[in-house]
Amino acid sequence: MITEQRCPIPENETARLAAVHSHHILDTEPEIEFDALTRVVAHAFDVPIAVIAMMDTDRLWFKSKVGLDVPQLDRKVAFCAHAIVAPKSALVIPDLQDDIRFADNPLVTNAPHLRFYAGVPLVDTTGHALGTIAIIDVQPRVLNHAEQASLLDCATLVMTALQGRLRASVLEQMAMTDYLTALPNRAQFDNALSGAMSRAMRSGVPFSVLCLDLNGFKNVNDRFGHAAGDEVLCEVARRLSGQLRQGDTLARLGGDEFAIVTQEGDHGAVAVLAQRLVASVGQPIMLSSGDTIHVGISVGIAPYRAGITSTLFLLDQADKALYDTKHQNAKLV
Ligand SMILES: Nc1nc2c(ncn2[C@@H]2O[C@H](COP(=O)(O)OP(=O)(O)OP(=O)(O)O)[C@@H](O)[C@H]2O)c(=O)[nH]1
């Protein structure tokens with residue numbers, strides 16, 4: 001008879017899950033620092049199975065594993081579900097058959113007939129247990145104090161690697177983001193443009209590049225101050241974003257210059273988009289001081305054509321078109 005399996009849920013489960021997800025590690029590819037550690041642990045403790053696992057909503061997902069050939073387990077049958085409810089200590093079960101919580105667990109009663117489990121919670125700086133590092137055997141075992149201390153040290157090493165990974169991704173995100181508007185910056189725009197160019201050359205997916213520059217922005221700074229100028233740049237960023245479709249990339253290249261990679265390739269359709277962008281930026285902008293100001297924006301368009309292989313060339317074409325537009329607008333004033 002198969003009994004229904006239940007598992008305890010930590011009190012702070014919502015915050016714990018948010019902490020797990022903040023690491024963006026679930027379903028990622030294997031990484032050498034975690035795989036090396038599970039190999040060392042399996043060897044040092046002389047166990048057939050060692051895992052580094054993250055507890056998701058209803059599954060235990062293995063970031064790294066030795067001796068197991070499944071990518072994840074149902075949370076209800078995972079021993080780790082019991083380990084994470086007590087984040088400050090190791091959970092050591094010398095014989096799973098002798099423990100009422102696990103004696104009817106299908107991993108114990110059926111193949112692979114597990115008998116021993118020791119797991120140390122992986123606790124982040126806010127005290128949330130993200131998962132465990134665990135050793136598992138098909139025979140009962142005893143883990144002495146020195147061995148438990150070693151497994152605790154291994155958990156510290158895993159957390160050090162996880163925090164390093166998180167720091168690297170935060171830094172990478174910062175390096176790709178404009179600090180004022182939170183739009184992609186020039187570096188991220190270049191990546192998006194290269195991606196669009198590769199897709200267009202490989203499978204003919206069309207796209208266009210737009211360069212945009214505010215008109216008379218210097219006056220805003222001069223009349224209302226730099227902080228007001230910053231407010232205008234943020235509002236312009238919001239308005240431009242509001243006109244775009246998912247998959248388009250809007251970036252602030254610097255100062256009052258913006259650029260867009262749009263998946264639209266038809267010149268007529270892109271011209272209509274440009275008109276919408278100009279109209280939306282041209283609406284009055286209310287500053288937090290209560291002042292209302294008007295700024296305009298000029299747009300230059302360069303659609304991708306077969307035979308173009310350089311992103312710089314395309315950007316240059318859009319830039320030239322922008323300055324033609326600026327020149328014409330200036331003559332009209
Ligand atoms: N407030 C603010 N101003 C900035 C920022 N970066 C650049 N600027 C200012 O933006 C202005 C850009 O200069 P211009 O391109 O000549 O401004 P413009 O008056 O729009 O000139 P045209 O494009 O010829 O109409 C300069 O005064 C810069 O000091 C920023 O982050 N915040």
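## A guided tour, starting at the ligand

Select β7 (208-215), α7 (217-224) and α8 (226-242): each supplies at least two residues of the shell around the ligand. Helices (H or I, at least four residues) and strands (E, at least two) are DSSP runs, numbered from the N terminus. What you see is a predicted model, where local features need pLDDT of at least 70, side-chain atom pairs count only at pLDDT 80 or more, and totals for chains, interfaces and linings use all residues. Residues are numbered from 1 along each chain as its sequence is written.

Now pick N215, F217, K218, G229 and G255, which come nearest among the 15 residues around the ligand (C-beta atom, placed from the backbone, within 6 Å of it).

Next, colour the open sheet of six strands, in the order β3-β2-β1-β6-β5-β4 with antiparallel pairing; strands pair if DSSP finds at least two bridges between them. Its edge strands, β3 (72-74) and β4 (91-93), each pair on one side only. Zoom in on β2 (residues 59-66), which three bridges join to β3; here R59 stands opposite D74.

Then show C80, Y117, I133 and A134. They have the most contacts inside the largest nonpolar core, which has 42 residues. Such a core is a set of buried Ala, Val, Leu, Ile, Met, Phe, Trp, Tyr and Cys residues joined through C-beta atoms within 7 Å; buried means that 20 or more other C-beta atoms lie within 10 Å of a residue's own, with C-beta atoms placed from the backbone.

Last stop: F189, L250, V281 and V295 are included in a second, separate core of 40 residues.

Terms used: Buried ≥ 20, exposed ≤ 12 C-beta atoms within 10 Å, placed from the backbone.
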